[in-house]
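Open the model in your viewer and follow the stops below in order. Each one names a selection and says what is there.

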Amino acid sequence: GFNIIDREGVKDYFGVYPDQVIDVLAMIGDTSDNIPGVPGIGKKGARKLIKKYGSLEKAIEAAPDIKGKRAREGLTEYGEQALHAKYMVTIKTDVPNTLDWEELEWNEPDKKELGLFFKRMEFRTLTKRYLREEGPVANKEGDQVDLFGSFKEEAPKQELDEEKVNYGLIDTIDKVKGLVDEYKDEEHFCFDTETDSPDPVT
C-alpha cells in the first residue's frame, strides 16, 4: 500500500519541506543517478544545513562562516558542483504540454510487433511472461516462427542412403587441409566430430 502525506508529513519523514528536498539531494548526491553531491556532507549534515539556511544557495553563501570544517570546505570547494547537482535533480514542471490526452489511453499491445521486438532483443523472460500463451509469432514475411527463433514448419528431413555414404577419419593436420581443399567451393556441407580427448588432432 501507500500513504498520502502533506507538506508537514514530508518534513516529518524527510527532515525538510518538499521544496527543500532537492537541496538535500544536491548535497548528499546519488550514485545511482550519477549525482556527485558534496564530499564530506552526509544526509544528516545536509538536512541540518538546509534547516538552518533554507536553501543550497544560501548555504553556499554562508560557507565561510560554517563551523563544521568538512561542510565548510566542501561547500566552498564544490559549491558549483552542488548547484549543478541541484539542477540535475530538479523535476521540470514548466515543460509545454503538447500531448493529446486521448493518445495516452491504455491499449493492448500489438502482440505481433511485440513478439518480433522481443525476439530481436532476445528477451526470453519477457517473452515467457507476456507472450507464452499467444503461441507462435509471425515474422515479417508472414511465416510462422516460434518464440525463440526457429521456423514452425521445418524442412523435411532426408534419410541417408547408407550405401552411398563414405565415412572418413580426419586425424592429422594434412587430412584437415585436404578436407578444406575438397569442400571449400561447395555451397553447403556438414560434418560430425568424434573426440575422445581435449587434443583436437589425437
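**Stops along the chain**

Select Glu122 to begin: its relative accessible area is 53%, so Glu122 is exposed (exposed means over 50%, buried under 20%, partly exposed in between, with a 1.4 Å probe and protein chains only). Glu122 sits in the loop between helix 7 and helix 8 (124–131), helices being DSSP runs of H or I with at least four residues, numbered from the N terminus. Glu122 is not a glycine, yet has a positive phi of about 60°.

This is a predicted model, in which local features need pLDDT of at least 70, side-chain atom pairs count only at pLDDT 80 or more, and totals for chains, interfaces and linings use all residues. Residues are numbered from 1 along each chain as its sequence is written, and side-chain values use heavy atoms, with hydrogens and water left out.

Next, select Asn34, in the loop between helix 2 (21–28) and helix 3. Asn34 is not a glycine either, and has a positive phi of about 60°. Its relative accessible area of 64% makes Asn34 exposed.

Now select helix 3, residues 43–53. Which of its residues are buried? They are Ala46, Leu49, Ile50 and Tyr53. Seen down the axis of helix 3, these buried residues fall within an arc of 95°, so they line one face of the helix (the arc is that of the directions from the helix axis to the C-beta atoms). Turn to the face away from the buried side: Lys44, Lys48, Lys51 and Lys52 are exposed there. Lys52 has 65% relative accessibility.

Technical notes:
Helix = DSSP H or I, 4+ residues; strand = E, 2+ residues; numbered from the N terminus.
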